[in-house]
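We will go from one selection to the next and say what to look for at each stop.

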Amino acid sequence: MIRSEHVQSYLDALRPERDPLLAEMEDLARRDGVPIVEWETGRFLATLTAGLAPSTVLEVGTAIGYSTVHIARELPRGSKIITLERDPDRIAHARAFWERGEVADRIQLVEGDALESLEGLPGPFDLVFLDATKTEVSAYLQRLEGKLAPRCVLVVDNLLMSGEAALPEDADTRWSRDSLAAGRAAARELMQSGEWLFSLLPIGDGVGFAARRAPGRSAG
Ligand SMILES: C[S@@+](CC[C@H](N)C(=O)[O-])C[C@H]1O[C@@H](n2cnc3c(N)ncnc32)[C@H](O)[C@@H]1O
């Protein structure tokens, strides 16, 4: 947890009554050790979707489809979310939850390795959510070149990594050294990027939030 206990308790108390479908997904994820976004991050994604009204959302890393539900529920009529996952058991759970949640009609799941799937997707994507292998973040972004809408908004989960991203590099950590190094590099590169205007938000496990810059703007 990246927030102090009293701040987290305050945030928990603000949370509305648990939606039964989301609660079931959270329970399954806890029981089976499936990593899903924290509820606040799901809420943030839903809020962004409601505000931006994107035509096409891309999600890399579906798991059991929890963040997908948060996004899909807020999509305008005719819009869709394309989500990429390689684990067949998680895909089966996701599809069943989406049917029950009555959002399956606006979700397209592409099964297989995202690094390959991304090559075959044309875009343009208005909102991109990266939540798969942390060491692959820069490879996902490379594969998305030329496929982003001019005003695309990007969200990357786990950039604070339980707060461990802020520890010295030789500290004992639960996150692997490679993931920590990749997460730190992604935050640094996005912050210095000429293409993205980037903030690292202390929501959930640390959410990277970026908007594509109009051409000609500086990185300062
Ligand atoms: C953190 S979970 C996604 C959680 C989901 N976004 C949510 O919050 O409900 C990451 C998922 O990405 C998948 N994944 C990781 N690397 C992948 C890759 N290269 N291609 C496809 N799926 C990948 C894993 O199988 C895992 O289910």
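On helix α5, the exposed residues P88, D89, A92 and E99 sit on the face turned away from its buried side. Keep in mind as you look that this is a predicted model. Now select all of α5, residues 88–100: its 13 residues reach 19 Å from first C-alpha to last, close to the 18 Å expected at 1.5 Å a residue. Then color H93, A94, F97 and W98, which are buried.

## Stop two: a covered strand

Next, select strand β1, residues 56–60, where five of five residues are buried. Show the side chains and you will find both faces covered, with T56, L58 and V60 on one side and V57 and E59 on the other.

Now bring in the strands it pairs with. Strand β2, residues 80–85, runs parallel to β1 and is joined to it by five bridges; look for T56 opposite K80. To follow the chain from β1 to β2, trace it through helix α4, residues 66–72; this β-α-β crossover is right-handed. Strand β4, residues 125–130, is also parallel to β1, with four bridges between them, and F129 in β4 is the bridge partner of E59.

## Stop three: around the ligand

Center on the ligand. Which residues are closest to it? Of the 20 residues that surround the ligand, the closest are G61, Y66, S67, A114 and A132. The elements that give two or more residues to this shell are α4, β2 and α6. Color the shell by class and you will see nine nonpolar, four polar and seven charged residues.

A reminder before the last selections: most residues other than glycine have a negative phi, and most peptide bonds are trans. Select G123 and P124: the peptide bond between them is cis, with omega near -5°. P124 lies in the loop between α6 and β4.

Finish in the loop between β5 and α8, where N158 is found. N158 has a positive phi of about 70° although it is not a glycine, and it is buried, with 24 other C-beta atoms within 10 Å. M161 is in the loop between β5 and α8 too, with a positive phi near 50°. M161 counts as buried, with 23 C-beta neighbours inside 10 Å.

Terms used
Residues are numbered from 1 along each chain as its sequence is written. This is a predicted model: local features need pLDDT of at least 70, side-chain atom pairs count only at pLDDT 80 or more; totals for chains, interfaces and linings use all residues. A residue is buried if 20 or more other C-beta atoms lie within 10 Å of its own, exposed if 12 or fewer, and partly exposed in between; C-beta atoms are placed from the backbone. Two strands pair if DSSP finds at least two bridges between them. A crossover is right-handed if, with the strands pointing away from the viewer, the path from the first strand over the helix to the second runs clockwise. A residue is near a molecule or strand if its C-beta atom, placed from the backbone, lies within 6 Å of it. Ala, Val, Leu, Ile, Met, Phe, Trp, Tyr, Cys and Pro count as nonpolar, Asp, Glu, Lys and Arg as charged, and the others, Gly among them, as polar. The expected span of a helix is 1.5 Å times one less than its number of residues.
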